Each structure stands twice: as C-alpha cells, then as structure tokens.
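Student: Could we go through this structure term by term, setting each value against its definition?

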Amino acid sequence: MDRQQSDLEELAARVGALLLANGQRLATAESCTGGWVGECLTAIAGSSAWFDRGYITYSNQAKVDLLGVEPATLAAHGAVSEATAAAMALGALARSPADWAIAVTGIAGPDGGTAEKPVGTVCFAWARADAQLFTATRHFAGDRRAVRAQSVEHALCGLLPRIGARSV
C-alpha cells in the first residue's frame, strides 16, 4: 500500500470512529472518485458498524436512476455542480437508513474540462438526515490520480468537523 492510500485510510478510520461513537451511519455517492471514498472506508475493520452503502454513479443516467437526481438539475447546472452534488447526497440519504451522506462529482481529467469548469474542478456535498446540507467546490492540481486522491481526502476531511459538531 502506498503512503497516500495509507493516509486516506487513516482519515477514513477517524471518520469511522466518530460515526461509531455517535451511533451514526454513512452512505456515499461518488462519480469522479469511482468508489475510492467507499474503498477507504471499507478498508477499516469493523466498518460495517458505521458504513451503510455506496453508490458509484459515474454517468448522468446513473445519477438519475440510482439517486433520483432530476434531469432538470443536470441540464441547468451540469453533472459537475454543487446543485448536482447536493442532489446526489440527498438521494443517497433518501435511499438508505444512513445519518450522513457524502457526494463527490468532478472532472478528474485529463479530458473533459472547459474554461468554466477546468480539469480538477470537483464539487462536494455533505448531508445529514435532519436536513443539514453543506456544499463546496474545489479546484485541484495534478494528474487524474492526484485530483481523485485530493477529492477523497477533501470529502472525508469535510465530514469530520460536521460529525464532531453534531454528536448524538
């Protein structure tokens, strides 16, 4: 295992420990990370106590079919948008018993970028079942693997303070 992966799994273990301490469960909805967030979470022994499920919705149709993202949201904002990330997170929550959901959608490259949304643009959402919703957009540098790794790290880091701030 490379250093980067072990660092991500250490971060995932911190997320899991907080979820477990709070009696909460997590679901993921991933596009550009292709399940890497879920892979890091499930690499942790005992993760079945706090990780419920993960959706890999790479295509727009998968986002619609599996998460209930409205085609109008995709048409108006695009797949890489905070609006779509929010719809993905809320869709994951609506389709699971999880307390929290993380969603990631972006352009990892090397192709697919535009002047408005260059390669490295990634949108995130963190949603809680009690209707809290947080979104963010980040622009990461590097090759495809680097953009994806930074996205996984940001998705997990973005959840940590939210779990800690809302203990049960």
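Student: Why is Ser47 called buried?

Tutor: Buried means under 20% relative accessible area, with over 50% counted as exposed and anything in between as partly exposed, using a 1.4 Å probe and protein chains only; Ser47 has 8% relative accessibility, so Ser47 counts as buried. Please keep in mind that this is a predicted model, in which local features need pLDDT of at least 70 and side-chain atom pairs count only at pLDDT 80 or more, while totals for chains, interfaces and linings use all residues. Residues are numbered from 1 along each chain as its sequence is written, and side-chain values use heavy atoms, with hydrogens and water left out.

Student: Where is Ser47 found, and what does Ser47 touch?

Tutor: Ser47 is found in the loop between helix H2 (36-42) and E2, where helices (H or I, at least four residues) and strands (E, at least two) are DSSP runs numbered from the N terminus. Taking contact as heavy atoms within 4.5 Å, and not counting residues up to four places away in sequence, Ser47 touches Leu41 and Thr42.

Student: What makes the pair of Phe124 and Trp126 stacked or edge-to-face?

Tutor: Rings of Phe, Tyr and Trp (its six-membered ring) pair if their centres lie within 6.5 Å, and planes under 30 degrees apart count as stacked, over 60 as edge-to-face and the rest as tilted. By this rule the count comes to two aromatic pairs. Phe124 and Trp126 have centres 5.8 Å apart and 5° between the planes, and are thus stacked. Phe124 and Phe140, at 6.3 Å centre to centre and 80° between the planes, form an edge-to-face pair.

Student: What does the pair of Phe124 and Phe140 tie together?

Tutor: Phe124 lies in strand E4 (residues 121-128), whereas Phe140 lies in the loop between strand E5 (133-139) and helix H6 (144-165), so the pair ties together parts that are 16 residues apart in sequence. Phe124 and Phe140 are both buried, and Phe124, Trp126 and Phe140 form one aromatic cluster.

Student: How do you know that the charged end of Arg162 sits over the ring of Phe134?

Tutor: A charge sits over a ring if NZ of Lys or CZ of Arg is within 6 Å of the ring centre and within 35 degrees of the ring normal. The charged end of Arg162 is 4.3 Å from the centre of the Phe134 ring and sits over that ring; Arg162 also lies over the face of Trp126, at 4.7 Å from the ring centre.
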